[in-house]
Amino acid sequence: YLGLRSTVLDSLPDSVGDLPQLETLDIKNTNIVHPVSIWKSKSLKHLYLNGFPVDPLILKRYIGSGFLPNLRTLSGLYVSSIDDNLVNVLITSLTNLTKLGIKSQWSGNRGNNIAGWVSRLTNLQSLKLVMIEKDKESNTKTDKEKDKESPPPSLPSLPELRNLFDLYLLGRFQKAEANQLPSCLKFLTLSKSEFLDDPMHNVGQLLQLRTLRLLSDSYVGKEMSCSDGAFPSLRVLKLWKLTKLTKLTLKKGCMPKLKELEIRKCPNLPFDEIHGLEHLESLEELILTNMPEGFVRSSEKIPKACQVIEVQ
């Protein structure tokens, strides 16, 4: 085990990957430039990288040659672009991954290549997928023109990943259908997804989901509604920075086991437009973070056993 997380180091000996019994290497939150030798290791099982870009040619050369055969955890991997050839290498080589954290750019079909790879990692238990729109900050074309040329990548079709229980998606994807997500999912985080359709109907069908975090602009619609019977196992719901949300409806019979609800920086959601809060009889904490002062106007809507926590 070699743990260097959050140190001030910026380099490692080139021979680090040659250590015959090294199973875990952690360089997260460092400025260490990746030694090529780590991709040649035959003993590594857990590799935590720092998000520095990795040359796709290096991955093709070494992983395609049978190195890292025992890798279980690959976190903090940043590959600027993934083509079909690299996908084929990854599919045939990194078959034992149980935890994957990867960031890449999408343009055209680039993002769909990653989706195709991820959907074949049948041993995955945890997945963090970050997709960055290539040239997003370019001012030469309007947003509508960019969307027309390069639609967001498809959400990976993951129903066959029967071991996946923790999923974190950051970036724009086409809308999430319930049949695209594994039924065994227990933790789901969405951020920057910019879904136009209310995700609650589809996501609410995940019977084992315990924690749902809808973060910054994951949903850009105005109204959100949870129907009777939705989210039967949900314990924690976090709504963060949904800046266009103006109405939240919680119908009787939804979220019967919810313990914690946090609403953070939703500036256009007034308390009067949160309907059905009184139906959440199991709710223990309503956390209001960076919401307007005096947000709660009536305690009658708050379940009796619920504590209201306001954080500024």
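Is K45 buried, partly exposed or exposed? At 29% relative accessibility, K45 counts as partly exposed, where buried stands for under 20% relative accessible area, exposed for over 50% and partly exposed for the range in between (1.4 Å probe, protein chains only).

The structure is a predicted model, in which local features need pLDDT of at least 70 and side-chain atom pairs count only at pLDDT 80 or more, whereas totals for chains, interfaces and linings use all residues. Residues are numbered from 1 along each chain as its sequence is written, and side-chain values use heavy atoms, with hydrogens and water left out.

The structure holds seven salt bridges, a salt bridge being a side-chain nitrogen of Lys or Arg within 4 Å of a carboxyl oxygen of Asp or Glu. One of them joins K45 to E23, with the closest N and O atoms 4.0 Å apart. This pair links distant parts of the chain, 22 residues apart: E23 is in the loop between β1 (2-3) and β2 (24-26), and K45 is in the loop between β2 and β3 (46-48). Strands such as these are DSSP runs (E, at least two residues), helices are runs of H or I with at least four, and both are numbered from the N terminus. E23 is also partly exposed, at 39% relative accessible area.

Another salt bridge, between K238 and E262, has an N to O distance of 3.0 Å. K238 belongs to strand β11 (residues 236-240) and E262 to strand β13, so the bridge ties together parts that are 24 residues apart in sequence. Both K238 and E262 are buried. Through shared partners, salt bridges join K238, E260, E262 and R264 into one network. The charged end of R264 also sits over the ring of W240, 4.0 Å from its centre; for this, CZ of Arg or NZ of Lys must be within 6 Å of the ring centre and within 35 degrees of the ring normal.

Aromatic rings were considered next. Rings of Phe, Tyr and Trp (its six-membered ring) pair if their centres lie within 6.5 Å, and planes under 30 degrees apart count as stacked, over 60 as edge-to-face and the rest as tilted. This rule gives two aromatic pairs. The ring centres of F165 and F187 are 6.4 Å apart and the planes stand at 70 degrees, so this pair is edge-to-face. F165 is partly exposed at 31% relative accessibility, and F187 is partly exposed at 30%. F271 and F295 also form an edge-to-face pair, with 5.7 Å from centre to centre and 80 degrees between the planes. F271 is buried at 3% relative accessible area, and F295 is buried at 6%.
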